[in-house]
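Q: Could you walk me through how to read a few features of a structure that is new to me?
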Amino acid sequence: MKFCPNCQKDFDDKFIFCHYCGGKLQEKIKLIFCPYCGNKIETDGQFCPYCGNILNGSEVTSCLLQGEEELRLGIQLEKGKEYSDSFNHFKKAVKMGFDEAIIWYITSPAFEEEKAKADIEKIVEIAEKAYNTPFKFEETYKKCNKLADLLGYNFFSDKIGKQLSFKWRKFAADNGDVSAMHNIGINYSSGIGTEIDIEKAIEYYLKAAEKGLLTTNLPGCYERKKDYKKALEWYEKLAALDPNNYWSWYKIGEMYQKGLGTEKDFKKAIYWYKKALESPEYANTCYMLGEMYENGEGVEQSYSKAMMYFYEASDDRKSASINAKYKLGVMYYEGKVLAKDLNKAETFLHEAVDKGITEAKNLLDSVITIKENNLNTLKQKQDYYKNLAEQGNSNAQCWLGNIYLNGEGCQKDYGEALNWYYKASENGNLEAICQLGKIFKNGYGVSKDLTKAKRYFQYAANQGFADAQYNLGLLLHEEECKRSAVSMNNEALLYLFENAAKQGHADAQCFLGSEYLFGVGTSSVKVKDPQKAVFWYQKAVERNSLEAQYQLGVFYYNGKYVKKDKQKGYDLILKSAKAGHVTAQLFLAGMTGNIELHGRNLEEDDAFDEAYLWCRKLAEEGHLYSQCKLGKMYENGKPICKKYRKAFIWYTKASEAGNGYALYLLGNLYYNGHGVKKDETKAEELYHKAAEKDCEDAEFALKRIEKERKKKELELKKSQHETLFLSSITPQIIKLTLDVALSDNNWRQCGFKEGCPKRGKIFKFFIKKEQLVTESYLFREFIAIPLGIFVRNLYFAIDLNYKEYISYLVNILLSIEGMEDLVKPQLGSARGILETSILSYAAAENTYEEFIKTSSIYPDKIKPGVKPICTELNRLLTQKVKDLNENYYIEDDITT
């Protein structure tokens, strides 16, 4: 034995070795190492200065063999994920001079803790030595790929680290490691640690593919070589091999669309793009589909579908989203689907220009120019009218009042508006007088004063001014409705509205249409007149009333009060919606189903496309119903792919604004775990909040949860009962008693009422199954009745003189722990019942002595003179069985 002065431990001399070469120690070698602490022990030659022993070659060889064994043990432990223990074995192997172990030592998950104090350069030096030595273990080559990662990213961040990483990765790849083959392909294709070499990259990617590791990097390299035919071939192989290789789907679609490596085939492109919609390449795919629908490539041209896909692409952060924003800017500029909107066009185009889309610059300049021209025209108009107003022109004064009241081309200024209206009214301008009435009615810059408003309206109305007649009628109508809570029932009011309507006042015409539709009254009678409603709505449509366009459009669309004409109805509703009528926009947002439009069948998903666009417009403008509706589209996956996270975003926006239905929908996402981590507690909390806002769906959801909770509690109770039952009695015991009961078909004697329709099936069911996992549910009392049946059947077995079963069954039953407690709820003490049964049998047969001879049960209970007592007990037992029969319950579906 030898002694290390550093760690104070004894060690066998066979562990002495040469740390650098593992060969025989020579006289000139100055150092040896302690196998326990790894410290250097200096020596002048072959002799140890501490013990004087000679160091020879056989001792060194033994130590290397020991290092190999340590590494083998470490590898086995690491496979079992015992990282700490495996790391200790790797460490020992390294100290014993087994250089291959350094690869495992560095790449062990446990090495992270020692990395800070490790001499990385020394480790790399030892690893370089291992690089030139054939490995004993095949798994080590795979570890070299991991070592390459550490050298390139963890230990060194400079060029040297990348080169070292490349060296080790190539070493692993050339020695058969598949992952390294693929990764070295990445090195060559990206120029990491080496020069870019696409041919070499393809070579290694192909090697990896031959061994079953195929990724999109291989066809991607063929694309870079412009060998599109090979690229398409490999993309199609990937799509066939891996059902989740979404990038392949997208690339195949792109190549068929652009004719790369194949003939152009738009239909195939559409097919592959639509498959790729459910992939991380969602934005790129949406953009490409948008282009194809915009240009009618392989599909019928559809600007609504194109705009929908561009909107979806615009939500992403990828480059496709910038191109999509440019496309949306163009569509808002042209007004092809939704209403022309220069402000939205400018917003989208600005984003596109900021991200370098050069073609967007010219269009953005055009938008800005148009807006500036409009402002300049308005400014010129203002200057012109202001000059006239200052000269006393009442029309110009009224026009300026309108400009300041509505903020057209300037900031709203109620004080300035009032000033100009006063000047115009002093000059007898009836419009200005009517406008003063509106200001006092609505409190624009002044306190509300209905008396003053009525006076202004009355004055202008008496002069025959239509707008004043309409506003006066509206004010009086509102007052009367507050008093009587009914519709218009005053002939004077009707006269005011009709007078204004006959002069072509669109709002008055539309109002009359509404009143005749829902019922207009006089002092004596109230009637509905749909035809008059249609008449006035048509008149209002001629005056471009948005409300009338919408209402009449709904009439034609549904065929109500007019001949059905969906095309005409749709066009009227669309016209109203594009002009900004919110109700018409909501109608379009909710429009689905098969309808005939523009001479073609607009299928359900096409109707959804337009609904999506209107929904999105309204949702972005803060309309809560539309935010919920848009969220539902994302949740249901129509017309777009299911995007639970987007549904969550829109539901959250609406719920933050206090919408009860949005709270309910948000609760559903948490309840089902869609787009969020499943959280039934959070879902229930949201349902309660929604219910507080009178959301009926949330109330139903809470009732459902309560019902499910009770069901779970019942199932738990049943499970607990069943567990207790099965722990106390075995199926074999029940089977034995039923075997007895089945003998001679003695159903009635076995405790069942005469005429019980299920009795035979019950026994056969028990025997066939030979287990009680489900049988315990067949009884009203899950524990007591089955055990009661056991005891009862035993009694009848005794009563029917089946002696061969009696002693066996009784002994089993008495051996069951806790039997008394289980049976008490129905029959009292099991021991007492059995005792009564046995004594009753003995009393009935008058064979006390014979029974004592054949059974050792309760011999102390069998005494002379017990017969009268046993007879009475037998009567009582019979009565108990009869009572039990009356309470016995059989499920209808007992055999299902």
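Q: Is Glu346 buried or exposed, and why?
A: Glu346 counts as buried because its relative accessibility is 18%. The rule calls a residue buried under 20% relative accessible area, exposed over 50% and partly exposed in between, with a 1.4 Å probe and protein chains only. Keep in mind that this is a predicted model, where local features need pLDDT of at least 70, side-chain atom pairs count only at pLDDT 80 or more, and totals for chains, interfaces and linings use all residues. Residues are numbered from 1 along each chain as its sequence is written, and side-chain values use heavy atoms, leaving out hydrogens and water.

Q: Which residue forms a salt bridge with Glu346?
A: Side chains of opposite charge can pair when their charged atoms come close. Here a salt bridge is a side-chain nitrogen of Lys or Arg within 4 Å of a carboxyl oxygen of Asp or Glu. Glu346 has Lys371 as its partner, with the closest N and O atoms 2.7 Å apart. This pair links distant parts of the chain, since Glu346 is in helix H16 (residues 342-354) and Lys371 in helix H17 (residues 359-390), 25 residues apart. Helices are DSSP runs (H or I, at least four residues), numbered from the N terminus. Lys371 counts as partly exposed because its relative accessibility is 25%.

Q: How many salt bridges does the count come to?
A: The count is 34 salt bridges. One of them joins the side chains of Glu312 and Arg616, at 3.7 Å from N to O. Glu312 belongs to helix H14 (residues 303-314) and Arg616 to helix H29 (residues 604-620), so the pair ties together parts 304 residues apart in sequence. Both Glu312 and Arg616 are buried.

Q: Where do Glu708 and Arg704 lie?
A: Both are in helix H34, four residues apart, which is about one turn of the helix. Glu708 counts as partly exposed because its relative accessibility is 29%, and Arg704 is partly exposed with a relative accessible area of 31%. Elsewhere, salt bridges that share partners join Glu312, Asp315, Lys344, Arg616, Glu620 and Lys646 into one network.

Q: How many aromatic pairs does a search of the whole structure find?
A: A pair of aromatic rings is described by the distance of the centres and the angle of the planes. Rings of Phe, Tyr and Trp (its six-membered ring) pair if their centres lie within 6.5 Å; planes under 30 degrees apart count as stacked, over 60 as edge-to-face and the rest as tilted. The search finds 28 aromatic pairs. Phe497 and Phe511 have ring centres 4.3 Å apart and planes at 25 degrees, so they are stacked. Phe497 sits in helix H23 (residues 491-502) and Phe511 in helix H24 (residues 506-518), so parts 14 residues apart in sequence are tied together. Phe497 is buried at 0% relative accessible area, and Phe511 counts as buried at 14%. Phe648 and Tyr670 make an edge-to-face pair, with 6.2 Å between centres and 75 degrees between planes.

Q: Where is His581 found?
A: Look in the loop between helix H27 (566-578) and helix H28 (582-589). His581 is buried, with a relative accessible area of 11%. The C-alpha atoms of His581 and Glu547 are separated by 7.1 Å, although the two residues are 34 apart along the chain.

Conventions
Helices (H or I, at least four residues) and strands (E, at least two) are DSSP runs, numbered from the N terminus.
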